[in-house]
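Reader: Before I use this model, could you take me through the terms attached to it and set each value against its cut-off?

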Amino acid sequence: MNTSINEPQAVSNPVTRNAIFIVATIAQDSEHLETVRAWCEDVEGLVRSVGTRFPASGLSCVCGFGSDAWDRLFGQPRPMQLHPFKAIGSGERIAVSTPGDLLLHIRADEMDMCFELATQLISKLGDAVTVIDEVHGFRYFDQRAIIGFVDGTENPTGREAEDYTVIGDEDQTFAGGSYVLVQKYLHDMNAWNALTVEQQEKVIGRSKFANIELDEDVKPTNSHSALTTVEENGRELKIIRDNMPFGRPGMGEFGTYFVGYARTPSIIETMLENMFVGRPAGNYDRLLDFSRAVTGTLFFVPSVTLLESLASCKPVETESVQASPV
Ligand code: HEM
């Protein structure tokens, strides 16, 4: 893979103190689709303009496109593995699939930087988009999820991170890109807090204060870390997670915004299958007894190079074929 030609977006940037997640739908008419295509060329420039005002904040933005939106905006060719996310699980335990054409994942240590970039990016899109979900996430103490456990420890880093998240020769036209799945989870904190620390540790599979993985002989097979450990031919398959806590204590809302980047969506889907259906079926993730997914959407993240050139990738209009009289 030649990353000097296909520079990835800021997928594996370090965790920041704040983040804004925006999921939007895109209007269907040709004028608005053209607005979005033109916007693609401006994204990196806007990140630079805002970010240069305070370089230490580590401002970045990753933008991704949903499956249907890709066809409407850019047509062929399309990323090999891009498809609408199909809900996983059943009954009360379901990883729902919800609409979304465009994802913005904006990160910075300071919320004002995230806020300013979100404002600039959204105002350029104008009424070409309708924002259907916007979440402002924050870092909670020493990188803990709102349920009190350190989150992100087993993320791959450096070269390994790139190997696990950046598309290479398997889809050359889209090399340098990634897939990202986002899900918004709400937690039942009363039920969670009613557990003892030891019980919570068995749900996650790690110790709470020291963040050490439980020994295999005590870690339950239905713990979150057991079920999200996935192997293929003896090799562990990893993703990069950049989850952020969010919430409104006054409204009783306590959440985790899950963000998973991968080279292929199938790894994330396997993890979700293990969590929601179980491995084996029925042995589902205990964390789901306290957490409910209320959104779920898959996006393709083009390389920076491709993102800029998408401005001129209008789909070829197919003329309607007249049925010939018999
Ligand atoms: C591990 C929290 C959802 C994949 C963890 C850990 C925590 C955590 C605290 C242990 C430390 C670490 O990060 O390595 C949460 C919360 C979630 C959530 C609060 C939302 C309710 C998900 C989802 C996936 C996932 C939806 C995948 C689709 C993973 C993976 C690990 C992990 C791969 C590392 C497992 C290992 O190698 O030990 N998560 N997670 N998580 N989680 Fe989650």
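**Terms and values**

Author: Leucine 102 touches Ala24, Ile26, Cys63, Phe65, Ala69 and Val129, leaving aside residues up to four places away in sequence, where a contact requires C-beta atoms, placed from the backbone, within 7 Å. This is a predicted model, in which local features need pLDDT of at least 70 and side-chain atom pairs count only at pLDDT 80 or more, while totals for chains, interfaces and linings use all residues. Residues are numbered from 1 along each chain as its sequence is written.

Reader: What makes the 80 residues a nonpolar core?

Author: The term stands for a set of buried Ala, Val, Leu, Ile, Met, Phe, Trp, Tyr and Cys residues joined through C-beta atoms within 7 Å, and the largest such set here has 80 residues, of which Cys61, Leu102, Leu104, Leu117, Val180 and Val182 touch the most other members. Its largest share, 7 residues, comes from strand 1 (residues 18-26), strands being DSSP runs of E of at least two residues and helices runs of H or I of at least four, numbered from the N terminus. In soluble globular proteins, nonpolar side chains tend to be buried together.

Reader: Why is glycine 282 called exposed?

Author: Glycine 282 has 8 other C-beta atoms within 10 Å, and is therefore exposed, since the term applies at 12 or fewer, with buried meaning 20 or more and partly exposed lying in between, all counted with C-beta atoms placed from the backbone. Glycine 282 lies in the loop between helix 9 and strand 13 (291-293).

Reader: Which residues come nearest to the ligand, and what counts as near?

Author: A residue is near if its C-beta atom, placed from the backbone, lies within 6 Å of the molecule; of the 27 residues around the ligand, Phe149, Glu154, Ser225, Thr228 and Met271 come nearest. Strand 7 (178-187), helix 8 (224-227), strand 12 (253-262) and helix 9 (265-276) each supply at least two residues of this shell.

Reader: How do you know how far the coordinates can be trusted, in terms of pLDDT?

Author: The pLDDT is the predictor's confidence in each residue, from 0 to 100; its mean over the protein chain is 95, and 96% of the residues reach 70 or more. Where pLDDT is low, the predicted coordinates should not be read in detail. The model scores ipTM 0.99 and pTM 0.96.

Notes
Two residues are in contact if their C-beta atoms, placed from the backbone, lie within 7 Å.
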